[in-house]
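Dear colleague,

Please find below the sequence and structure that I am handing over to you. My findings follow directly after them.

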Amino acid sequence: MSSVGIRLGTAGARPRTRGLVWLVARQHWAALWAGLAALVAIAAYIVWQRAGMVGYLRAHDIEGCADWKRFCHGRRTQLERGDPTNDALRHLTDTYRTPLLHTGRLLIALPALIGVFIGAPLFARELETGTHQLVWTQSISRTRWLIAKLALPLVAVTAGTAVLAALYTWWWRAARTQFQDIAWGTAVPFDATGPAAVALAPLAFFLGAAAGLLLRRTVPAMAVTLGATAGVQYGLAALRPHLMTPRTVVSDASGDFVHTPVEVFFTSWRGMGDGFLTRSGAKIPSDRCSSAIGQDGWDRCLARFGATDRQYEELHPASHYWPMQWIQAGICLAVAVALAAFCVWWIGRRRA
């Protein structure tokens, strides 16, 4: 009799697991369909906008051209109005720059929405209402319950974010030459493209899940998740310039950067630092004399530090984009894994 009972218990483990997966799927059925509809709508909009932009570039023969380039397919780019190439570039900016930025901002907001509306209520709602106790009395371990609750929404939000990030990256790469005034290291497009955008989704999701486990109240967990996700994105933006060592370009004795190709300035993420060099090559940051009054005060301040007319600027060249993407993604995924481990540990020690 005991051996039969053991066999029955073992055979019943798999049906119970399938039932738990089915239960989780049913709980998120409406959210999954709503998320799929939003995914299709945003993806279709990105494809439509990119197709229109690329079609315009080809129709006016300005692919790879920009107002900062002296030549466009062998034609000299003029700065005055009336030049066909310059007018086409201006119309391109007026038509597609704003949609590109707004779509990027929407994608940046997605991690917060995922954490607040999917991650935070995931456990908080059940712990708040007490429905978790029914599942825990059905021979389902807490750890298995937690993993089943996490797995389906985690896969869904990560896959959906990956699709949108890939499409937006596809759009951005076609527009980055013309829209060089949008620095690639700023929130748009950096946090909306590549693996960095994908990794933010599971991080925000686990932030919400952990907040729900700790607070056991849905609304407070949602509020904390929103603040934590915003804080994480702000922290990543502050950390990003330091993920790699900036490249330093130096001018000649007259202060002109004649030895640095113009493409370096227009394709790099600038603003990491600038200033003047001493005769020994030491750097004097420009803000060192920010309190000087007037040109005379400025000149006296620089002379006091021994500055020459040679200038320097620190920037991240375009080649830093992908390494920095993977570094930020690695940071986000490491924190997400730590939060997932915390959730498993917490559910194991929590009293019913």
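Arg240 is buried, with a relative accessible area of 2%; here buried means under 20% relative accessible area, exposed over 50%, and partly exposed in between (1.4 Å probe, protein chains only). Arg240 and Asp191 form a salt bridge whose closest N and O atoms are 2.8 Å apart, a salt bridge being a side-chain nitrogen of Lys or Arg within 4 Å of a carboxyl oxygen of Asp or Glu. The pair links distant parts of the chain, 49 residues apart: Arg240 belongs to the loop between helix 8 (218–239) and strand 3 (247–250), and Asp191 to the loop between helix 6 (187–190) and helix 7 (194–215). Helices (H or I, at least four residues) and strands (E, at least two) are DSSP runs, numbered from the N terminus.

Please note that this is a predicted model, in which local features need pLDDT of at least 70 and side-chain atom pairs count only at pLDDT 80 or more, while totals for chains, interfaces and linings use all residues. Residues are numbered from 1 along each chain as its sequence is written, and side-chain values use heavy atoms, with hydrogens and water left out.

The structure holds seven salt bridges. Another of them joins the side chains of Lys149 and Glu126, at 2.6 Å from N to O. This pair also connects distant parts of the chain, with Lys149 in helix 5 (residues 142–175) and Glu126 in helix 3, 23 residues apart. Lys149 is buried at 3% relative accessibility, and Glu126 is buried at 7%.

Arg90 and Asp87 form a further salt bridge, with 3.1 Å between the closest N and O atoms. Both residues lie in helix 3, three residues apart, about one turn of the helix. An α-helix has 3.6 residues a turn, so residues three or four places apart point the same way. Arg90 is partly exposed at 27% relative accessible area, and Asp87 is partly exposed at 31%.

Helix 3 itself (residues 84–129) has 46 residues and reaches 66 Å from its first C-alpha to its last, close to the 68 Å expected at 1.5 Å a residue; the expected span is 1.5 Å times one less than the number of residues. A kink of about 50 degrees in helix 3 is centred on Pro121, where the bend at a residue is the angle between axes fitted to the seven residues ending there and the seven starting there.

A cis peptide bond joins Val188 and Pro189, with omega about 20 degrees, and Pro189 is placed in helix 6. Asp61 has a positive phi, near 55 degrees, in a residue other than glycine; Asp61 is found in the loop between helix 2 and strand 1 (71–72) and is partly exposed at 39% relative accessible area. Arg216 also has a positive phi, near 60 degrees. Arg216 lies in the loop between helix 7 and helix 8, and is partly exposed at 33%.

Finally, Thr308 is found in strand 6 (residues 307–316) and counts as buried at 18% relative accessibility. A polar atom of the Thr308 side chain lies 2.7 Å from the backbone oxygen of Leu277, and the side chain of Thr308 reaches the backbone nitrogen of Arg310 at 3.3 Å.

With kind regards

Methods: A polar contact is a pair of N or O atoms within 3.5 Å; within protein, one must be able to donate a hydrogen and the other to accept it, and residues adjacent in sequence count only if both atoms are side-chain atoms.
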